[in-house]
Each structure stands twice: as structure tokens, then as C-alpha cells.
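These are my notebook entries on one structure. I record what I looked up, entry by entry.

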Amino acid sequence: MSTRSSSVDVVVIGFGAAGIAAAITAHDEGAQVVVLEKAPPETAGGNTRAAGQVWYSPHDEELAKEYLRGLAYDMPIPDDVVDAWASEQVRNNDWMTARAAEAQGHIDVDPRDPFGQGVTFEAHTYQEAVKRQTGWDVPRDEFPEFNNEGGTEWVTFGGTQGHSRVWLRLKAALEQRDVEIRYSTAATAIVTDGDGRVTGVEVLGPDGAETITARRGVVNAAGGFENNPEMIRTYLGLPYVTPWGTPHNTGDGIRMGQALGADLQNMYQHMPMFGIALEGLETGEFVQPGGPAFIQVAQDGRRFISEATAYRHGKSTIGGRLEFYPHRAMWTVFDETVRTAGPLTAPHEAWAAGWEKQVVGYVWSDDNMVEIEKGWITKADTIRELAEKLGVDPDGLEAEIERWNAACAQGEDPYFGRPAEMMAPITEPPYYGYKWGNLLIATMGGLRKNGKAQVLHVSGQPIPGLYAAGEISSTFTWALGGGQSIADAIGFGRIAGREAAAG
Ligand SMILES: Cc1cc2nc3c(=O)[nH]c(=O)nc-3n(C[C@H](O)[C@H](O)[C@H](O)COP(=O)(O)OP(=O)(O)OC[C@H]3O[C@@H](n4cnc5c(N)ncnc54)[C@H](O)[C@@H]3O)c2cc1C
């Protein structure tokens, strides 16, 4: 049986922010475009759909470059990539506003979203955003050690996070164009001619296998490898993680690039988060104790860091420099006062981010009892029994709780400097705990790209006709702030779409 075939100017693999930005741009540059989405419509949209829906939009190109170079730390980003990134980032708000205007009246609004079809956007600092969401006071910038005078860090539609607002608007804007979106259709290979030029994509969809010829180019925006345990082990050096976003990102796009001899970049790079696996569900959830009577311990049952250490999108300052955190498996232990202080994860109406909350619709119980009964949170009558159930050293945990309670009585943490107002003894049984180890926001290493979003061969030369954008080829080599991932995806998505359409 012969494989079916069709042909367009540009094939875009992936239906997240990067893929949609590339498709819109290529279409508007006059190309005939098809978008491939591995997932069915109900679970389409990648991590972009699950995201907090915040984006970064600086107003000054030169200052934005300075900020990016600071964030890169001692993992410098090539100049052509920095320049291309900055020239696009300053356009983000105008581009998003235009897309939202096109989408208005056509958006499949999340029925729980009070913002409806609205198109306004709000720009605010990281400080304002966190204050609004949690009531906490934090520095104005997420990374005050680097100069962020180039602009706002967080922009949203409607001033709050979630409800897939960005993704639903980008999707509706794309749907207003003559672009075919093929759901449940996975790219399985990228095809080249005898000279190594990319000529199309092999796909597997509801009607079987097909080869789609790409007359001008292919944009690979198939996301990261958050659901590929072998790649996680090989590249992140982690045995156990659970994704917070889509279950559909399995590193396919990276594998397809590798098959053509593409070079890889920054494979270590990822954003870990505090959270747990939810047995029986495909993805995990962000959790955090709502009261102060808790500690974090390692497998030996001992604390190893202040629980108040500022989390900065997968990094924290440890030993004087930004390091991955939380990186390894660790355990949180708390008592009944924390269990009754409120749900361990923010309710949907307060913070509609994550796959389970936004796409699947899991609603966490107010008193955490449902999740305790499910076994997601472990319960025990004594600290020793809790340690045994969690697989933590019982002698170590008993000793640590004793030391912690004594520190609380003194009103001072002499070991790790946790602030006194965040301290309370763990004395009210029953006791609870969970292993977080860790929750994965996104992987960010992947295909090496240049400032034109061209994918580079191991020889250093571009692979003709192949472009990459988004998580599959993230710009960020070390630290990055909230909103910068979507911003990078739409920025390089536009570049990739433009370059691919030019042929
Ligand atoms: C819970 C959560 C909150 C976040 N909050 C924010 C935030 O507020 N701001 C921010 O900037 N970033 C945030 N991020 C990160 C951000 O969502 C991602 O970095 C960004 O959306 C990536 O966009 P992308 O287009 O590269 O990938 P994705 O959006 O993941 O899209 C990848 C697409 O490729 C498809 N695909 C995969 N394999 C194939 C294949 N073989 N064939 C066809 N299609 C395929 C997938 O189904 C998907 O449609 C968050 C992430 C998570 C998980």
C-alpha cells in the first residue's frame, strides 16, 4: 500500500505558542501552511495551554540584551541569538494585542474564566504579580542582581494568570486564517533530499501514514521531553520526575532532528518546581504547605536548606550562585495544623495553572482529605511511622523534628536561617508528608539554533529548510524569569515562520 501524500509551502510541527506564532507569521508572509498537532483537540496545545499565561515584554532592546546576558551567567548565549531574541522581544505586547483583537468573539473561553472574551492586557512587575497572587512581598524583579531596567517582567490578559488565555487567543487568531490544523497527527520523521535539504515531514494521523512535502521549509516546534523518562535520565541526570504540563511532549522533535545530524544544545536545562506526582493521573501538581509547621528533609531525614529559600523559576541562590532547585527528590513533613490550614495547592480560581487544573479539571479538596485518602499525601500517627512509610531514615527524622521544635522554642533557626515568622513546631498529630522529586515545568535543551532559528547540523552549518522555536530550542542557557518561556517561543516562532516562508 502506498503512503498518501500532499504538499504545502511550510509544515509546522506543534500547536503551542512557538508553533502557532510560526504558522501565523508564515501565513501572513504569503505561505500555505499546515500545522501538525499530535494530540486530539481536547488535549491539544502543549505546555502553552497549561501555562500561567504570563509573558515577558521588555521595552528597550539594548537593556533587554544586558538582562539576558546576566541571566545566562557563565553559560553565554551566542551573539546572533541574543540580538535576534531582543529585536523580537520588544514587539511581544504589540503582537499579542493584535492577535487578541483578531481572536475576539471567536475564543473558546474557559467557562470558569470571569475575563471572558476581553482583550486588555496588563503589564506589571514580578513584585506586583506575586503580591496579587499570594499576598507575599518579594523584590521588584525576580533577579534583582541583574539589570532589568529594560522592562516589565510579567504581562497577562486580564491581570491574572491562567485559564489558557494566551493559548486560546493564539489558537483563535490562527483559526481566523486559511491554515489547516491537523489534530491527532504526529510528525514521525523529517524528510530530506539527496543534498540534505529538508523537503517535508512524514506523519501518522487518523487516516494513517502520509508524507507532506514542504516546498519552503519545516518549523519544528514540538516542545520538550518532559514525558520521556530515558531522555530525562540521560540529559537531566534525574531518575524520577513528573511533568506539570502536557503529557504529549515526549522529545519527538529532538529525536527527528538528531536523525538528520542536528547538533544539540543545553541539554541539562530545565525548570524544576515544587510538586508531587498524582498516582493515577498523567501529570503532577504544584503543592506547598499553607502553614508554618513543616520542614523539608532529604532521605536521611535531615533538613539541608532554609525552606524560605527564594524559588526563581527552577533556580535558587545556593552557595552564592544560582543553582537548580528543587533538583533532587526530597520530602516535606508537616502536622495537623498545616493540613487544616487550607488546600496544599492554590484553588483554580486563585491560580489556574498546570495541566490537571486547567485541562483535566481536577479540583483539590479544601481540607486535603481526598488527596490523603488517595495516598498522594502520606499520613501517620507518629513521626517514626511517617518516616518508615515515606522511605526516609526514621532516626534522622525523629532527631530533626526534635531539633526543629527546639529551634522554634528559641524563635531562631541557627542552622539555615529560616525567618522566625515562618517557624512553628511540628507537634500536632497526625503527621503528614509527601515526596517531591521534582515537578517538571519544562525541559529546555534541544536542537541547536542560530539567530535565524535555523537548526544547525553537527558540522556547524544550518540544515537547509529546517527551523526550530520554543522549548525544543530554548534561548535560555541558565536562569530565566516568569513569562520568558512563552515570550521566547513567540519571538523565535515569528523568526522561524518568517524564515521558512522565505524559503
Ligand atoms: C504549569 C506551567 C506553567 C507555566 N507558566 C508559564 C508562564 O506563565 N509563562 C511562561 O512564559 N512560561 C510558562 N511555562 C512554560 C511555557 O508554557 C512553555 O515553555 C511554552 O509554552 C513552550 O511553548 P512551545 O510551543 O515551545 O511548546 P508546547 O506549548 O509544549 O507545544 C508543543 C507542541 O508540540 C506537540 N507535539 C509534540 N510532539 C509532536 C509530534 N511528534 N508531532 C506533532 N506535534 C507534536 C504537542 O502536542 C504540543 O502541541 C509554564 C509551563 C507549565 C507546564
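**Entry 1. Domains**

How far apart do the C-alpha centres of domain 1 and domain 2 lie? I worked on a predicted model, and in it the two centres are 32 Å apart. I noted the bounds next: domain 1 covers 7-270 + 442-502, and domain 2 covers 275-437.

I then looked up the contacts between them. I found 27 residues of domain 1 in contact with 21 residues of domain 2. On the side of domain 1 that touches domain 2, helix H2 (46-50) and strand S10 are the elements that give two or more residues. By class, that side of domain 1 has 11 nonpolar, 13 polar and 3 charged residues.

**Entry 2. The sheet with S10**

I followed S10 into its sheet. In what order do the strands of this open sheet stand? I read S10-S21-S12, 3 strands with mixed pairing. Strand S10 (242-243) and strand S12 (270-273) are at the edges; each has a single partner strand, so one side of each has no neighbour in the sheet.

I also examined the pairing of S12 with strand S21 (residues 439-443). The two run antiparallel and are joined by 4 bridges. In this pairing I located Met 271 opposite Ala 442 of S21.

**Entry 3. The nonpolar core**

I recalled a general point first: in soluble globular proteins, nonpolar side chains tend to be buried together. How many residues does the largest nonpolar core have? I recorded 138 residues, and those with the most contacts inside this core are Val 10, Val 11, Val 12, Ala 22, Val 219 and Ala 469. Helix H15 (residues 484-502) gives the largest share of the core, 9 residues. Domain 1 and domain 2 each contribute at least three residues to this core.

I took Val 219 as an example.

**Entry 4. Helix H7**

Is helix H7 (residues 165-175) largely enclosed or left open by the rest of the structure? I found 10 of its 11 residues buried, so H7 is largely enclosed. The buried residues include charged ones by name, Arg 165, Arg 169 and Lys 171, and also Trp 167 and Leu 168. Among the elements that cover the buried residues of H7, I noted helix H1 (17-28), H2, strand S3 (55-58) and H15.

**Entry 5. Asn 405**

I turned to Asn 405, which lies in helix H14 (residues 394-410). Asn 405 has 16 C-beta neighbours inside 10 Å and therefore counts as partly exposed. Buried would require 20 or more, and exposed 12 or fewer. Beyond residues up to four places away in sequence, Asn 405 touches Pro 425, Ile 426 and Thr 427. The C-alpha atoms of Asn 405 and Thr 427 are 7.9 Å apart, although 22 residues separate the two along the chain.

**Entry 6. Around the ligand**

Which residues come nearest to the ligand? Of the 47 residues around the ligand, I listed Gly 16, Gly 46, Gly 52, Gly 245 and Gly 470 as the nearest. H15 supplies the largest share of this shell, 5 residues. H1, H2 and S21 are among the elements that each supply at least two. By class, I recorded 22 nonpolar, 21 polar and 4 charged residues in the shell.

Technical notes: Residues numbered from 1 in each chain as written. Predicted model: local features only at pLDDT ≥ 70, side-chain atom pairs only at ≥ 80, totals over all residues. Core = buried A, V, L, I, M, F, W, Y, C linked by C-beta atoms within 7 Å. Domains from an automatic or database assignment. Contact = placed C-beta atoms within 7 Å. Pairing = 2+ DSSP bridges. Near = placed C-beta within 6 Å.
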